[in-house]
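The sequence and structure come first, and the notes follow by topic.

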Amino acid sequence: MKRNDLEIKMNINGEWKTLMVSPNERLIDTLRNQLSLTGTKEGCAEGECGACTINMNKKAVLACLVLSVQADGAHILTIEGLQNAGKLHPIQSSFLTEFAVQCGYCTPGMIMAGHALINQNPDPDEETVKECISNNLCRCTGYENPVKGIMKSAKIMKEKPHHG
Amino acid sequence: MIKGKLYGLILQKGNPPPCLKSFQQCRGCFGWRNMIQGSLVHEAWQNNPIKCSLTGLTLKMDRLVQAKEKQTNHQRSASFLLERAPLTYYKPQTLPDAVKLLSKYETDACLISGGTDLLPLRQSGKNRLQTSHLIDISALGLSYIRKTDKDFCVGAATPVNDLIQFPEFATSPYAALIEAAKSHSTATIRNRATIGGNIVNASLCADLVPPLMALNASLVIASSRGERFIPVEFFIEGPNCSALKPDEMLIEILIPIETNSSVSGFLKLGRNQTRIDMAVVNIATRLFFRDKKCIDARIVIGAAGPRAFRAKTAETVIKKGQLNEETIHQAASAAMAESSPIDDMRASAAYRKKMVAYLVKESMNIIRERSIA
């Protein structure tokens with residue numbers, strides 16, 4: 001522990017955790033290094049690629065642009081927190097069925113951005129979905145299938161709201 | 001852009017590492033920074049080449065990085081930099097506390113709210129934001145939009161997305177503000193990015209500054225000496241330079257409630273590949289009408305000079321004449337003459353000048369349509 005370290009409390013994927021973090025530490029480093037939640041990826045580290053998108057207090061934010069100390073008291077949801085007892089969340093399974101994953105590096109970010117959108121707007125149109133993943137850079141899958149995946153999961157979740 | 005930065009890194013280092021010779025083929029799914037960082041730092045990577053199954057590229061460093069200092073050099077651009085400077089973090093709970101801290105540390109302190117501009121800037125080193133004290137203003141309750149008799153009061157730490165969702169801004173005179181907010185970066189970043197941050201950064205291409213100038217907004221600035229008011233128009237003095245003194249902070253933006261009938265609009269020209277990019281030129285216009293005649297005009301142009309400015313000659317042209325093809329054309333050339341853009345990585349000065357004229361024309365046409373509707 002270093003001199004300046006601070007104690008923070010975060011609800012991560014439904015569980016309150018107390019952590020010691022350096023004031024310089026970004027949320028993505030805390031998630032990946034301290035909590036071993038490596039599903040959240042780091043791409044550009046300056047908010048351009050969206051690979052590190054997570055949900056913070058139900059909103060999509062970039063974990064590389066938030067200091068861990070700023071997330072004190074926040075509810076954090078990462079890609080690991082979506083599954084329920086080994087069962088995939090509808091948005092994860094629709095990404096699979098719509099072939100929205102190729103190399104997979106941008107996928108956690110896309111899914112978390114989509115998840116926040118569906119929370120806020122259960123019935124999004126295609127334009128809204130495109131706007132929602134406009135911060136997520138993909139270099140291999142393309143954007144068609146992720147958009148289809150998010151639309152499909154919104155439909156599934158509307159039919160079975162308690163799913164996941 | 002990431003690829004541009006990679007070129008920069010290679011130039012800095014002299015010979016490109018062999019593994020990076022074919023980097024143009026890689027689609028970058030792994031993240032360039034991670035690749036370079038990994039190959040420089042981890043010995044395992046240097047000894048065991050990693051093959052990307054998607055692109056068939058092999059990542060390997062033949063020459064082990066000779067000098068330790070190269071590592072540190074590189075680390076400067078990576079997240080390690082955040083660890084470098086010792087930093088004290090404060091989260092004051094009340095405004096007087098925040099102001100007290102600010103007057104104690106002045107230039108060695110930096111305010112943080114959303115952090116979407118600040119954190120990348122801090123990482124890139126070499127700038128005024130490399131302070132050793134960070135004051136988080138998110139607990140001060142500065143995130144609100146309230147309506148009083150005369151103004152809409154917007155807290156400095158209000159996320160840009162909240163502006164978009166505020167129903168009363170959807171009405172006619174405030175259209176420019178909403179359109180600017182919507183073209184500000186991307187939906188994800190706007191969840192954190194704040195209106196105050198966009199202003200105090202004093203970037204010459206800030207998207208929210210032209211509409212606020214067109215709407216006659218003023219700023220409430222707090223310090224240990226009390227509060228003062230300043231119009232947005234006089235707040236920004238030059239590129240990244242504002243009228244804010246080291247011990248002062250922006251707490252509120254006042255947007256006057258307009259009684260005269262006016263119509264406004266905002267246009268942003270950006271590069272198309274990525275929505276996130278800053279404006280090449282942006283423009284906010286607002287025309288006042290009485291009996292269907294234009295009586296006053298405000299044309300604010302951003303990113304085409306050392307700061308967002310009002311094209312006053314163009315305004316006079318519009319004010320005096322009928323709003324028709326001819327006056328619009330005249331106003332466009334006047335605005336073009338008034339602008340003084342620079343060449344940079346986004347566009348050349350000559351292109352920007354032409355685009356100023358185009359955007360003035362385009363936005364006048366939009367406003368003409370809106371005023372009829």
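**Sheet of chain A**

Strand 1 and strand 2 of chain A are paired antiparallel through seven bridges. The model is a predicted one.

Hairpin and strand order
- Two residues separate the strands in the hairpin of strand 1 and strand 2 of chain A, where Asn13(A) has a positive phi near 50 degrees.
- Five strands of chain A form an open sheet with mixed pairing, in the order 2-1-5-3-4.
- Strand 2 and strand 4 (59-62) of chain A are at the edges with a single partner strand each, so each has one side without a neighbour in the sheet.
- From one strand to the next, the twist averages 40 degrees.

Helices on the sheet
- Helix 1 of chain A lies across strand 1, strand 2, strand 3 and strand 5 of chain A, and runs at about 105 degrees to strand 2 of chain A.
- Helix 3 (residues 107-120) of chain A also packs on the sheet, where it touches strand 3, strand 4 and strand 5 of chain A. The direction of helix 3 makes about 30 degrees with that of strand 3 of chain A.
- Within helix 1 (residues 27-34) of chain A, the residues Leu27(A), Ile28(A), Asp29(A), Thr30(A) and Leu31(A) are buried.
- The cover over these buried residues includes strand 1 (6-12), strand 2 (15-21), strand 3 (53-56) and strand 5 (75-77) of chain A.
- After helix 1 of chain A comes Ser36(A), with a positive phi near 55 degrees.

A buried loop residue in chain B
- Ala156(B) sits in the loop between strand 7 (151-155) and helix 8 (160-165) of chain B.
- Ala156(B) has a relative accessible area of 4%, and therefore counts as buried.
- Beyond its neighbours within four places in sequence, Ala156(B) has contacts that include Leu142(B), Thr194(B), Gly196(B), Leu250(B) and Ile253(B).
- Ile195(B) is 39 residues from Ala156(B) along the chain, with 6.0 Å between the two C-alpha atoms.

Cysteines
- There are zero disulfides over all chains.
- For Cys241(B), the closest cysteine sulfur is that of Cys110(B) at 15 Å, which is too far for a bond.
- Cys241(B) is partly exposed at 34% relative accessibility, whereas Cys294(B) is buried at 11%.

Conventions:
Residues numbered from 1 in each chain as written. Chains lettered and ligands numbered in written order. Predicted model: local features only at pLDDT ≥ 70, side-chain atom pairs only at ≥ 80, totals over all residues. Heavy atoms only, no water. Helix = DSSP H or I, 4+ residues; strand = E, 2+ residues; numbered from the N terminus. Buried < 20%, exposed > 50% of the residue type's maximum accessible area, 1.4 Å probe, protein only. Contact = heavy atoms within 4.5 Å. Pairing = 2+ DSSP bridges. Disulfide = S-S within 2.5 Å. Axes fitted to C-alpha atoms, helices over the stretch in contact; angles between N-to-C directions.
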